[in-house]
Each structure stands twice: as structure tokens, then as C-alpha cells.
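Thanks for coming. I will go through one model today, and I will give the cut-off for each term when it first comes up.

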Amino acid sequence: MPTTPLRVDAFSEAHVPEMLDWFSSLEALVQWGGPGLSFPLEAAQLEAMLAETEGAEPERLMFAGIVDGKLAGHAQVALDWANGVGRLARVAINPRMRGQGLAQPFLREVTRRFFADPAFERLELNVYTFNEAAIRTYRSLGFQEEGVRRSSAKVGDARWDTAIYGLLRGEWAERAAAGAPCVQENAQRTL
């Protein structure tokens, strides 16, 4: 177990090197980042994502979960400002820190920060249906399955199904009012 609490920061260029060895195969990289990334994960790919976090209405937010000064988790939220919708994506826990119960508090804080902006009404995500640990975590946070896109991704010779989950602001507010604990905060952005 970690000796210090989980802290959530904005993901920065300083975190990039720590993350480059998290995905040991094309399948692991696609499971995290989708079929648009090339294996192995390179700094330039993460830096391109970071460039989309700039401006008054960024295209995405990137979060770093920090434990004992080390990068323990990563998550992104792609932002659709016109419709008030965010898409939680590219969620990963450092492979050396899995099994320590970090995913739920990390994503609870990411979700809290997302809904802190009144411009957003809905947070959604896609998850491959075989990723049972992630699905358990998403459900524990209140996300509801809304459907399955069958055979939606081709990875090598395999076809993967993708489940779609969603969480509305009112549903989140109800859960937050019930007393869900938060983690230590240290970020440059409100979100």
C-alpha cells in the first residue's frame, strides 16, 4: 500500500517519461489509448495530447495521480464544449502500483473536477467489454451501461466489443451528497 495519500495534479511534460513503459504490447496500448496510437508509446504521442490541453476551452484535460512522488495513474477527458459532454478516456494505473485500490479514488477526483465546471452535463466513456476490473470501477462511481458496439475494434486478428457508459451531473451530485470521499487536491486548473 502507498505510504502517502493519492494526490491528483494536472498531467505535465514532466510526467511523460514515467509513463512510456506502462504498455508492454500493442494490445495493452490499444486497450488504453485506442487504435489510433502506434506501439511503442513514445513521448511525442503524449506531448501531442498535452498540446490539446491549452487555451480557454481546451480539447482535453489530462490528469496525473501521484503517490509517494511517483506517477500512479493517468486519465484524460476529451471535451465537447458545444454539447456540454466529456469523454473519460485513456485511464491507466501504473502497472507497478495496480492492486492497491488507487483507481476508484483517482477517478472519483477526476470526475469531481470535471463536474465542477457548470458547462458540462454528461461524462461518458468507452470500455472494452473484457476489461472487467475497469467496468467494476466505473460502475462503483455511478456510470451506467448504455449499450455495446459489437466488434467495434480490430486489434491484430481479434475483434473487440466496446461498451458505452454514461454519468449525468445530477447522478454525480446525488452520489457526492451521499458523502463519497475525495483525495488531496493540487492542480493548476479548476478541472
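**Strands, pocket and cores**

Strand 1 (residues 7-10) and strand 2 are antiparallel and joined by four bridges. Strands here (E, at least two residues), like helices (H or I, at least four residues), are DSSP runs, numbered from the N terminus. Two strands are said to pair if DSSP finds at least two bridges between them. In this pairing, V8 sits opposite G65 of strand 2.

Before going on, a word on the source: this is a predicted model, where local features need pLDDT of at least 70 and side-chain atom pairs count only at pLDDT 80 or more, while totals for chains, interfaces and linings use all residues. Residues are numbered from 1 along each chain as its sequence is written, and side-chain values use heavy atoms, with hydrogens and water left out.

Strands 2 and 3 make a hairpin with two residues between them. In that turn, D68 has a positive phi of about 55°.

Is strand 2 buried or exposed? Buried means under 20% relative accessible area, exposed means over 50%, and partly exposed is in between, using a 1.4 Å probe and protein chains only. Eight of the eight residues of strand 2 (residues 60-67) are buried, so the strand is largely enclosed by the rest of the structure. In a regular strand, side chains alternate between the two faces of the sheet. Here R60, M62, A64 and I66 point one way, L61, F63, G65 and V67 point the other way, and all are buried.

Leaving aside neighbours within four places in sequence, E59 is in contact (heavy atoms within 4.5 Å) with E52, V77, A78 and L79. E59 and W81 are 22 residues apart along the chain, and their C-alpha atoms are separated by 8.5 Å.

Now the pocket. The search runs on a 1 Å grid over the protein atoms alone, and a pocket is an open set of points where a 1.4 Å probe fits, with protein on both sides within 12 Å along at least five of seven lines. Lining residues have an atom within 4 Å of a point. Points are joined across faces, edges and corners, and the volume is the space filled by probe spheres set on them.

The largest pocket has a volume of about 1,000 Å³. It is lined by 42 residues, and the closest to its centre are Q31, W32, V91, N131 and Y138. Which element gives the most to the lining? Strand 4 does, with seven residues. The lining divides into 23 nonpolar, 13 polar and six charged residues. For that count, Ala, Val, Leu, Ile, Met, Phe, Trp, Tyr, Cys and Pro are nonpolar, Asp, Glu, Lys and Arg are charged, and the others, Gly among them, are polar.

Next, the cores. A nonpolar core is a set of buried Ala, Val, Leu, Ile, Met, Phe, Trp, Tyr and Cys residues joined through side-chain atoms within 4.5 Å. The largest has 31 residues, of which V77, L88, F106, V127, Y138 and F143 touch the most other members. Helix 4 gives the most to this core, with five residues. Apart from it lies another core, of 17 residues, among them L46, I66, L71 and A92. As for F143, its contacts beyond four places in sequence include L88, Y138 and Y165.

Last, some backbone details. Most residues other than glycine have a negative phi, and most peptide bonds are trans. R90 in strand 4 has a positive phi, near 50°. S151 in strand 6 also has a positive phi, near 50°. R90 is buried, with a relative accessible area of 17%, whereas S151 is partly exposed, at 33%. The peptide bond from F39 to P40 is cis, with omega near 0°, and P40 is found in the loop between helix 2 and helix 3.
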